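Dear colleague,

Here is the structure I said I would pass on. My notes on it follow below.

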Amino acid sequence: MFRPAATTPVRACSWGVMKRGGAPRVRENTVGSSLVICKSTESPAFVPVSSRRGPSPHLRRRQPPPLRPGRGADGQGRCRPAGPPGAMPAAVVEYSGWKEGYRCGYCASERGKVSAGMWAHSMTVQDYQDLIDRGWRRSGKYVYKPIMNQTCCPQYTIRCQALRFQTSKSHKKVLKKMLKFISKGDVSKGVSEEEPMDSHIEDVVTCDFAYKSESDVSQSELTPLSVDHSERVENEDKDTGETKEEVNAQQVESGSLQVCAHKDTTVPGEPSHSAKIVHAPPKPGKGADLSKPPCRKAKDIRKERKLQKLLQNQTCAFEGSELQAGDQVFLLQNSKSKTNQPKTIEDFVFVSLPDDAQHKLEVRLVPVSFEDPQFKSSFNQSATLFAKYQMAIHKDTPSDCGENEFTRFLCNSPLEAENAPNGPECGYGSFHQQYWLDGKIIAVGVIDILPYCVSSVYLYYDPDYSFLSLGVYSALREIAFTRQLHEKAPDLCFYYMGFYIHSCPKMRYKGQYRPSDLLCPETYVWTPIEQCLPLLEHSKYCRLNQDVKAVDEGRIKELGRVRVLHKRTVMPYSVYKKRRKGPSDEASVQQYASLVGQTCSERMLLFRS
């Protein structure tokens, strides 16, 4: 095994605030690497609404006064004061509406892209999980959703079933190449694999509302639940019954899907079926002897020798007693069944290497928080690597990939860190998975750990190491990481790879990670990708769910129950609508609610000025 590099002992408490002291938990996570995952059960007495850098006095929750019987938070459509201190904060979002006619980074259309967006001041991991299961995606604190039936390049949410993932031949090639490089220092440069999980920055940079300044809205406006204002309007909507309905999103678990090689694929050492084979007559004394069995590959011969040796060892256990022919066949078949099992990702990732290996690779999982000493100490190196990657791979100018852009795009996250008893040891939230080679960061995978999945946000790497196919390697490592988290968090079993864009051939590589599913843009039901590909070949936008009777189970049913944050008071939209002065905004709220769904619209707070 490699010697893991020293790491700084830290403890992470909820809401991204780091506290010193306590021993870190270290788990072996790669070839000679250690993955540091820190956790604390402490819970702060404050809940920041839009900042992850610690509390400020005006963000502290206030203990509400006792409510009179039949008043306040009784579920009858009235405005509600704050919950108990330390309660889970509600997401606060500002809906920006549709953005039409801007440049597409996939097909280079100047005015073909259409998407909806909102700025998330804060968001729970469950809120974001439900949003991405309706086709949303985040970039920094900006959350956006392509309007699938109108945009030039429809982007389908794709997920890989990590627990059933099987490494393909090309995946094994990448994993073996990394092992060979680490152990022997071999640099076999060749054509680099397509780099996955690399979303386009153009999705958000070109949106003029994407990166609005948070200072445009004062924190006092975003701090919800003022008791004084609640009491004034608590009786304004007596006629509205507020019995919550739980809308369960329908999920379809696809059957077992195997990736099969094309029947015409040539195998090294074997002739192609499509080529004509002309057999020349053998010379005297040479050639195939028809009285003997055909020649076999050296690989098959080695396997047979290994099985025979195993059979001999098992035979010795019977102390010289003779085995019946049936027993010998049983032992041989049993040995074959064990040795012919396909290797998993873990067989490549958690393999032991000699102590004299040429390189040392360490993968560190770092919470995205400037209060985290490890994140803070590696920030400059990570930001420099990001700029180098963007300029070399995406041809950005230095001003397009400075520290401010890096922070805004990959460090700012609306997700509030959470720790749950049945959750992963590292907790839920946003993280940087740093790949350290010989004490230097060569790649960073930005990920979100959510209740049901690991969601890949972005990947950037050192172009000098592109020969290692770091995009493919990091994706495989993140799938293995998902499987590892599943051991502690049983519900966490998927790996979300962002968007699959079939109309852009360069972006089809994500479909190579099988088994995987695509999200139907109309019913929001997961459909096996094998069933989707013929449909997408015929039309770039299509309804993937072939059940004609199926509908969006999470669709908005009661607009009046959408939660609104107005003048530091939380209220249902039905109350806000009566209080609002000026032109009606019902069309905008209806559009927002239809895109986020009934469940999220009743849980998140839609900020209205």
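Strand β9 (residues 156-161) pairs with strand β14 (residues 494-500) in the antiparallel sense, over 5 bridges. Please keep in mind throughout that this is a predicted model.

Is β9 enclosed or open to the outside? Buried means under 20% relative accessible area, and 6 of the 6 residues of β9 are buried, so the strand is largely enclosed by the rest of the structure. In a regular strand the side chains alternate between the two faces of the sheet. In β9, Tyr156, Ile158 and Cys160 point one way, while Thr157, Arg159 and Gln161 point the other way, and all are buried.

Next, the open sheet. It has 7 strands in the order β7-β8-β6-β5-β19-β17-β18, and its pairing is mixed. β7 (137-139) and β18 (569-572) are the edge strands, each pairing on one side only. From one strand to the next, the twist averages 40 degrees. Strands β17 (residues 563-566) and β19 (residues 605-608) run parallel and are joined by 3 bridges; His566 has Arg608 of β19 as its bridge partner. Helix α15 (residues 586-603) packs on this sheet and touches β5 (92-102), β6 (113-122), β8 (142-146), β17 and β19. The direction of α15 makes about 140 degrees with that of β5.

Then a helix pair. Helix α10 (residues 379-393) packs against helix α11 (residues 403-411) at an angle of about 95 degrees, with the axes 10 Å apart. Angles of 65 to 115 degrees count as roughly perpendicular, and α10 and α11 are therefore roughly perpendicular to each other. From α10, the contact is made by Phe379, Asn380, Ser382, Ala383 and Phe386; from α11, by Glu403, Phe406, Thr407, Phe409, Leu410 and Cys411. The residues of this contact divide into 7 nonpolar, 3 polar and 1 charged.

Last, the cysteines. How many disulfides does a search of the whole structure find? The search finds 0. Cys453 is in no disulfide, and the nearest cysteine sulfur, that of Cys493, is 9.3 Å away. Cys453 is buried, with a relative accessible area of 0%. Cys401 also counts as buried, at 2% relative accessibility.

Regards

Key
Residues numbered from 1 in each chain as written. Predicted model: local features only at pLDDT ≥ 70, side-chain atom pairs only at ≥ 80, totals over all residues. Heavy atoms only, no water. Axes fitted to C-alpha atoms, helices over the stretch in contact; angles between N-to-C directions. Helix = DSSP H or I, 4+ residues; strand = E, 2+ residues; numbered from the N terminus. Parallel < 35°, antiparallel > 145°, perpendicular 65-115°, else oblique. Contact = heavy atoms within 4.5 Å. Nonpolar A, V, L, I, M, F, W, Y, C, P; charged D, E, K, R; others polar. Disulfide = S-S within 2.5 Å. Buried < 20%, exposed > 50% of the residue type's maximum accessible area, 1.4 Å probe, protein only. Pairing = 2+ DSSP bridges.
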